[in-house]
Amino acid sequence: MDKRDRWFYAVSLLMGVLPFSMMALALHFLPDEVPLIVELYKGDGIMYMHKNRNLVIGVFCLIPIAAVMLAGELKRRKLIERNFYAITLGATVISLAFLCFVLYQLIMQSQRVNIISSFDFVGVISVCVSFIIAMFGVPIYDLQPNAVLGFRNSYTMRSDAVWSAVHHHAAFACIAGFTVLGMGLSFIRGLPALLTLLCGMAVYLFYVLFISWYYFKKLIVKK
């Protein structure tokens, strides 16, 4: 993938997870019973449903996410070329449609409840930070050996080949890993969400160290 492909992949993946994460975050501050998005009446009252039924929409949001991830993997393996853009663009359009519907539904449902007092700012910030970190995977891919930025350790600094292999691998792991982590954080509230994010960052750093050792053994030692 070139830089344009990676940006296209990262943005498409992020657009795919936004509707699902927004719906999951809404479960924290919506009451157990919420009105249906369509004003259906049962006798003299409005028909209500349990808030967890909103996640049914989230399940459908996973379809474009899976399509983008599959297209990205096939593109990375050079198994598809032009179809990569068709698949990711189509998935992004579907994700935008889901996002608009989710926003409309949440606005309609929250009109009847007071959500400000129970709004989870720490959880929302943790999700946003996870998605922002995922975007850093794009410039990581093209990062050249230097003395300041990048994954600098005893393995990557010994060889440009190891440096390139590690950063190429770490870039995709960053995009996919922190995007999925952000989706998971949508279900966690408050301080546990922040702690989970920090644990995810630590796991990622240890993973990068491991693949640095792996590529060093593969590309340098075994030669």
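Reply: We can start with a pair of helices. Keep in mind that the model is predicted. Two packed helices are described by the angle between their axes and the distance between the axes. Here, helix 6 and helix 7 have axes 9 Å apart and pack at an angle of about 155°.

Me: What is the direction of helix 6 and helix 7 relative to each other, roughly parallel or roughly antiparallel?

Reply: An angle over 145 degrees counts as roughly antiparallel. Helix 6 and helix 7 are therefore roughly antiparallel. Their crossing is right-handed. Sorted by class, the contact of helix 6 with helix 7 has 21 nonpolar residues, 4 polar ones and no charged ones.

Me: At what angle do helix 1 and helix 6 pack?

Reply: The angle between helix 1 and helix 6 is about 10°, and their axes are 9 Å apart. Because angles under 35 degrees count as roughly parallel, helix 1 is roughly parallel to helix 6. On the helix 1 side, the residues in contact are Tyr9, Ala10, Leu13, Val17, Phe20 and Ser21. On the helix 6 side they are Phe172, Ile175, Ala176, Thr179, Gly182 and Met183. By class, the contact of helix 1 with helix 6 has 9 nonpolar, 3 polar and no charged residues.

Me: Which elements does the whole chain have, and in what order do they run?

Reply: The chain has 7 helices and 4 strands. Read from the N terminus, the order is α-β-β-β-β-α-α-α-α-α-α.

Me: How should I read the interior?

Reply: In soluble globular proteins, nonpolar side chains tend to be buried together. In this chain of 223 residues, 43% are buried. The largest nonpolar core has 50 residues, and Tyr9, Phe178 and Tyr204 have the most contacts inside it. At least two residues of this core come from each of helix 1, helix 2, helix 3, helix 4, helix 5, helix 6 and helix 7. Helix 6 gives the most, with 12 residues.

Me: Which residues is Tyr204 in contact with, leaving aside neighbours within four places in sequence?

Reply: With those neighbours set aside, Tyr204 is in contact with Ile140, Phe151, Ala170, Ala173, Cys174 and Phe178.

Me: Is Ser12 buried or exposed?

Reply: The cut-off for buried is under 20% relative accessible area. Ser12 has 2%, so Ser12 is buried. Ser12 belongs to helix 1, which covers residues 3-29. Apart from neighbours within four places in sequence, Ser12 is in contact with Val68, Thr88 and Thr92.

Me: What can be said of Pro64?

Reply: Pro64 lies in helix 2 and counts as buried, because its relative accessibility is 4%. Not counting residues up to four places away in sequence, Pro64 touches Ala91, Ile94, Ser95 and Phe98. Pro64 and Ser95 are 31 residues apart in sequence, and their C-alpha atoms are 6.6 Å apart.

Me: Where does Leu103 lie?

Reply: Leu103 lies in helix 3. At 35% relative accessibility, Leu103 counts as partly exposed. Leu103 and Pro19 are 84 residues apart in sequence and 8.1 Å apart in space, C-alpha to C-alpha.

Notes: Residues numbered from 1 in each chain as written. Predicted model: local features only at pLDDT ≥ 70, side-chain atom pairs only at ≥ 80, totals over all residues. Heavy atoms only, no water. Buried < 20%, exposed > 50% of the residue type's maximum accessible area, 1.4 Å probe, protein only. Contact = heavy atoms within 4.5 Å. Core = buried A, V, L, I, M, F, W, Y, C linked by side-chain atoms within 4.5 Å. Axes fitted to C-alpha atoms, helices over the stretch in contact; angles between N-to-C directions. Parallel < 35°, antiparallel > 145°, perpendicular 65-115°, else oblique. Left-handed = near helix turned anticlockwise from the far one by under 90°. Nonpolar A, V, L, I, M, F, W, Y, C, P; charged D, E, K, R; others polar.
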